[in-house]
Amino acid sequence: MASTAAGKQRIPKVAKVKNKAPAEVQITAEQLLREAKERELELLPPPPKQKITDAEELNDYKLKKRKGFEDNIRKNRTVISNWIKYAQWEESLKEVQRARSIYERALDVDHRNITLWLKYAEMEMKNRQVNHARNIWDRAITILPRVNQFWYKYTYMEEMLGNIAGCRQVFERWMEWEPEEQAWHSYINFELRYKEVDKSRSIYEKFVMVHPEVKNWIKYAHFEEKHGYIARARKVFERAVEFYGEEHINENLYVAFSRFEEKQKEFERVRIIYKYALDRVPKQQAQELFKNYTVFEKRFGDRRGIEDVIVSKRRFQYEEEVKASPHNYDAWFDYLRLVESDTDADTVREVYERAIANTPPIQEKRHWRRYIYLWINYALYEELEVKDPERTRQVYQACLELIPHKKFTFAKIWLLYAQFEIRQKNLPNARRGLGTAIGKCPKNKLFKGYIELELQLREFDRCRKLYEKYLEFSPENCTTWIKFAELETILGDTERARAIFELAIGQPRLDMPEVLWKSYIDFEIEQEEYDNTRGLYKRLLQRTQHVKVWISFGQFELSIDSDDRIQRCRQIFEEANKSMQGCEEKEERLMLLESWRDFEDEFGSLTNKERVQKLLPEKVKKRRKITAEDGSDAGWEEYYDYIFPEDAANQPNLKLLAMAKMWKKQQKQEDEDEEEQEEEEEEEEQQVPQGKEAQENSEPDEQGPAAHREEPGKEYDDRDDESSSSDSESDGEDDKDKKEETKADTEKL
């Protein structure tokens with residue numbers, strides 16, 4: 001027990017950490033490594049150089065090194081670098097058999113290691129062990145036939161040794177595996193180095209079958225061309241075109257073919273090849289083809305050929321556009337414009353038929369507006385360019401049958417059809433077409449066009465009937481009534497024209513009644529029926545009290561050549577002023593008074609002028625509150641108001657309010673003057689009295705407020721409860737006078 005207690009006492013006690021907070025200075029692992037590097041704690045001194053003096057020491061050295069290499073291999077057999085170092089060390093000692101043994105042992109460990117095979121074969125070649133090297137290469141290409149490096153090294157070795165047959169045999173074995181393109185090119189170049197053109201051709205035949213790409217066919221053709229076999233080169237290109245067909249067509253093949261033929265001065269062949277390709281290659285893949293074709297035509301072609309190239313290119317572009325979006329009518333228009341300028345009528349008709357076959361998918365007029373012009377252009381082309389009236393008639397009829405007239409129609413196509421029939425001297429067909437149009441889908445434009453046609457033909461009875469139908473269709477159209485009445489006026493039937501105007505103004509709904517009344521009044525004035533004109537003005541004034549009507553009435557009376565025209569005009573102005581006294585539009589009333597004033601200035605006496613001048617209103621600037629859309633207060637705005645003398649006399653409260661405001665202003669001004677006087681007296685007490693000069697200086701001060709009190713005797717007419725500009729102007733003048741008086745007093749003191 002005692003020993004146990006003693007043993008327990010020997011165990012040191014663990015110190016308790018009182019402060020577990022991190023230290024102020026933290027040491028990182030990077031700092032520890034840096035300090036170790038700086039102090040070089042782990043740096044060992046280099047081993048001493050050993051000099052070998054005899055064979056026994058050399059054997060000991062070899063034994064020691066071999067033991068080290070074997071130990072490394074035994075520790076990790078899969079590290080091939082250890083095997084290679086071991087073998088290279090043995091090779092440096094000329095121990096080729098030992099090195100060979102080491103490589104064989106390494107191959108047993110990893111026979112798929114490419115570096116190991118390469119080092120092994122290079123060792124044999126360095127030591128001129130040709131058969132051993134061949135054996136190694138054979139084993140390598142047998143085990144790893146897809147490693148191209150073995151084949152390249154093997155064929156290079158055989159060629160350097162002059163074993164051409166052996167090298168060819170190796171290439172043949174390699175080609176059986178169908179390697180990449182560079183391997184085939186190496187084989188071909190090998191044969192060409194020894195002038196074996198036929199063998200190279202046979203290799204190319206196999207090559208283009210194994211790697212059927214356009215560039216390989218082109219290389220094959222260039223090979224034949226380079227060696228002077230032009231017919232064979234052309235045959236290669238033709239075989240390539242047949243091989244790819246139209247499904248896998250490629251523009252590069254045709255470009256190369258065309259350049260080949262161009263070198264042979266076969267320009268017609270080149271042109272045919274380009275056109276054949278352009279007809280089959282898609283537009284997005286034929287950019288280089290178009291470019292080369294254009295360059296060719298510029299160099300060897302004429303102007304027509306260059307234009308053909310450009311037209312062909314644009315045509316393909318439009319073809320792609322209309323294929324991508326058949327309802328893109330703008331693309332069709334551009335395409336048709338191009339085709340019309342360069343091709344025959346059958347081709348143009350074909351394109352037009354393709355275009356008009358793309359009817360809009362929705363029966364809404366906005367979708368048909370562009371489409372209908374395809375039909376119009378088609379009909380005009382047949383009539384003007386082809387000069388085929390029968391086919392033109394068929395185009396118009398097909399278009400009119402296609403349009404859904406119950407939902408919407410196009411007056412333009414009906415009118416164009418009628419004009420076409422008239423040009424063909426077939427008036428009954430034209431009238432029949434327009435009559436059908438009016439019966440199926442009456443429109444303003446149709447009526448106007450039909451009426452204009454009959455007017456040109458001087459068929460006035462038909463015009464009357466058409467106007468009657470037109471007014472039955474649209475009785476609120478004032479323009480139609482006016483045109484109808486003008487027609488009767490031109491024909492000399494004034495009573496009929498007057499009856500038409502009477503019917504027109506009696507309609508319950510009119511789109512422009514003011515224009516109709518003006519036309520009726522002008523008509524009566526032209527007929528010099530002044531009593532009828534006055535009656536019209538009075539009837540019009542019963543319907544509207546517009547100021548322009550009164551002014552026009554007055555000007556009419558003034559324009560009549562009679563003795564009492566001035567009196568009549570003045571009477572109209574007086575009536576107008578009385579009728580507009582209760583009008584809310586003060587600007588219109590002012591316009592009337594200004595016209596009356598201008599009239600009196602020219603024709604009236606001084607008394608009449610003063611009388612009208614007294615009726616003119618006073619222009620007053622006022623302010624009013626602005627309310628925003630959400631109901632909040634948006635501030636104030638200024639505006640001008642007109643106060644007429646009659647309104648001011650009828651509203652005495654406005655004058656009373658203005659006098660009250662002036663009194664309030666006067667009281668405020670007197671208080672300010674008294675305060676100024678008290679301040680001046682205090683200043684005088686602080687200064688040394690200067691006798692009479694001080695009294696003289698005080699007299700203007702006493703007179704100033706009194707004079708100022710007399711000034712507000714001017715009457716201000718303010719009729720707005722909020723505020724008025726006249727108040728602000730008078731306030732500004734008072735403030736200015738007050739400042740000037742204060743300045744004068746200060747200078748005198």
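View 1. Helices (DSSP H or I runs of at least four residues) and strands (E runs of at least two) are numbered from the N terminus. Arg-589, Leu-590, Leu-592, Leu-593, Ser-595, Trp-596, Phe-599 and Glu-600 are the buried residues of α33, where buried means under 20% relative accessible area, exposed over 50% and partly exposed in between, with a 1.4 Å probe and protein chains only. The model is predicted, so that local features need pLDDT of at least 70 and side-chain atom pairs count only at pLDDT 80 or more, while totals for chains, interfaces and linings use all residues. Residues are numbered from 1 along each chain as its sequence is written, and side-chain values use heavy atoms, with hydrogens and water left out.

**View 2. The whole chain as context.** The chain holds 38 helices and two strands, and 38% of its 749 residues are buried. Among contacts (heavy atoms within 4.5 Å) between residues at least 6 apart in sequence, 50% join residues at least 24 apart.

**View 3. Two nonpolar cores.** A nonpolar core is a set of buried Ala, Val, Leu, Ile, Met, Phe, Trp, Tyr and Cys residues joined through side-chain atoms within 4.5 Å. The largest such core has 94 residues, of which Trp-332, Leu-374, Ile-413, Leu-516 and Leu-592 touch the most other members. Leaving aside residues up to four places away in sequence, Ile-413 touches Ile-376, Tyr-396, Cys-399, Leu-400 and Ile-403. Another core, of 74 residues, lies apart from it and includes Ile-73, Trp-151, Cys-167 and Ala-221.

**View 4. Helix α6 among its neighbours.** The 13 residues of helix α6 (residues 114-126) should span 18 Å at 1.5 Å a residue, which agrees with the 18 Å between its end C-alpha atoms. Leu-116, Trp-117, Leu-118, Tyr-120, Ala-121, Met-123 and Glu-124 are buried in α6, and the buried residues of this helix pack against α4 (80-92), α5 (96-109), α7 (130-143) and α8 (148-160).

**View 5. The largest pocket.** About 370 Å³ of space lies in the largest pocket, and of the 16 residues that line it, Glu-514, Trp-517, Lys-518, Leu-540 and Val-549 lie nearest its centre. At least two lining residues come from each of α29 (513-526), α30 (530-543) and α31 (547-559), with α29 giving the largest share, eight residues. The lining divides into eight nonpolar, three polar and five charged residues. A pocket is an open set of points on a 1 Å grid over the protein atoms alone where a 1.4 Å probe fits, with protein on both sides within 12 Å along at least five of seven lines, and lining residues have an atom within 4 Å of a point.

**View 6. Two loop residues with positive phi.** Glu-178, in the loop between α9 (164-175) and α10 (181-193), has a positive phi of about 50° although it is not a glycine. Lys-265, in the loop between α14 (251-263) and α15 (267-280), likewise is not a glycine and has a positive phi of about 65°; Lys-265 is exposed, with a relative accessible area of 60%.

Technical notes. Points joined across faces, edges and corners; volume = space filled by probe spheres on them. Nonpolar A, V, L, I, M, F, W, Y, C, P; charged D, E, K, R; others polar. Expected span 1.5 Å × (residues − 1).
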